[in-house]
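Work through the exercises below with the model open. Each task is followed by a stepwise solution.

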Amino acid sequence: MGRSFCTILLFPVFCFFFSAHSIKVGTNLKPGFYSSSCPEAESIVRKVIRRAMAREPRSGASVMRLQFHDCFVNGCDASLLLDDTPTMLGEKLALSNINSLRSFEVIDEVKEALEYTCPGVVSCADILIMAARDAVVLSGGPTWQVKLGRKDSLTANQEDSNRIMPSPRSNATYLVSLFHNYNLSVTDLVALSGSHSIGEGRCFSIIFRLYNQSGTGKPDPNMDHAYRKKLNCLCPLGGDGNVTGILDATPRVFDNQYFMDLVNERGFLNSDQSLYSGEPRTREVVERFSRDQEAFFSAFVEGMVRMGDLLSEEEGEIRRNCRAANKAVLGR
């Protein structure tokens, strides 16, 4: 039976619905899954990600984010990658994804390379898991063995994505509840939020923090004064919401600078700064990671593995094209 949760955020009321039957924890996933069927799979993925990041360094952060937005919506099944069809609204245009997620073409490039070497073998869901790991490693972060063996979904669900994915306006208390529903701990939440060690965010996501926090007509009080002045210049009221700003002071290097910035009240997103300023349970972990990068790296790896274990209970396939189910591809 599904469970419904309504939580008051810093800005309006959001309802989160989690279906206990839509996601299971994968028990058949394992490292080296393609060691016989496609032994070059992991090296091919890393080669393409390295090339993409050389072309555009920001693509590393963009690729990494895809795992988060895929796995939280009915498990890690590459449903996020499906394009709309006449009978299905995909997840790319969901509220938390539209004008935000990028680098889908990088995943296409990986898939094309794998199909050339090992046609019909490596799932798009596994590509997202490998690509996220490689984006972290190539940005200076930790490495780990990825568990593989996922199947690709036959469909996507924009409604579920809208209902599940949190807003950048979310506060830490809400996020703790959200992660708890996936059996992910407070430490997992803070560590995985550290993915914002690399990348950029849009002015659209922080305008309310700068000018109308919680409908008060005032800025967020939990923001360093000099940092707020800098963001006011970057994101003026009435300006272009698609202008981007860096998420921490070292946006191309995966490190613990993100947590040091939160301690200094220089978090870009409300959902980030609230981890330090708004919730005692997460504040303690932020402080620990700000002092100990190795502790952050270790917890991040554990969180990524646990998140990657979330699988859909629906039957899947190995897509030939990550943007369309095989039946749709054959029917063209």
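## Exercise 1: The nonpolar core

Of the 76 residues in the largest nonpolar core, M64, I107, L114, F289 and F300 touch the most other members. The largest share of this core, 10 residues, is supplied by helix α4 (residues 124-138). This is a predicted model: local features need pLDDT of at least 70, side-chain atom pairs count only at pLDDT 80 or more, and totals for chains, interfaces and linings use all residues. Residues are numbered from 1 along each chain as its sequence is written, and side-chain values use heavy atoms, with hydrogens and water left out.

Task: Which residues does L114 touch, not counting residues up to four places away in sequence?

Solution. 
- A nonpolar core is a set of buried Ala, Val, Leu, Ile, Met, Phe, Trp, Tyr and Cys residues joined through side-chain atoms within 4.5 Å. Buried means under 20% relative accessible area, exposed over 50%, partly exposed in between (1.4 Å probe, protein chains only). Contact means heavy atoms within 4.5 Å. Helices (H or I, at least four residues) are DSSP runs, numbered from the N terminus.
- Leaving out residues up to four places away in sequence, L114 touches C38, A41, I44, V45, P119, V122 and I127.
- A second, separate core has 10 residues, including I206, Y227, C235 and F268.

## Exercise 2: Aromatic pairs

Task: How many aromatic pairs are there?

Solution. 
- Apply the rule: rings of Phe, Tyr and Trp (its six-membered ring) pair if their centres lie within 6.5 Å; planes under 30 degrees apart count as stacked, over 60 as edge-to-face and the rest as tilted.
- The count comes to 13 aromatic pairs.
- Take F72 and F179. Their ring centres are 5.2 Å apart and their planes at 55°, so the pair is tilted.
- F72 lies in the loop between α2 (59-71) and α3 (104-117) and F179 in helix α6 (residues 172-180), so the pair ties together parts that are 107 residues apart in sequence.
- Check burial. F72 counts as buried at 4% relative accessibility; F179 is buried at 8%.
- Now F296 and F300. With centres 5.9 Å apart and planes at 65°, the pair is edge-to-face. Both F296 and F300 are buried.
- Widen the view. W144, F254, Y258, F259, F289, F296, F297 and F300 form one aromatic cluster.

Conventions:
Helices (H or I, at least four residues) and strands (E, at least two) are DSSP runs, numbered from the N terminus.
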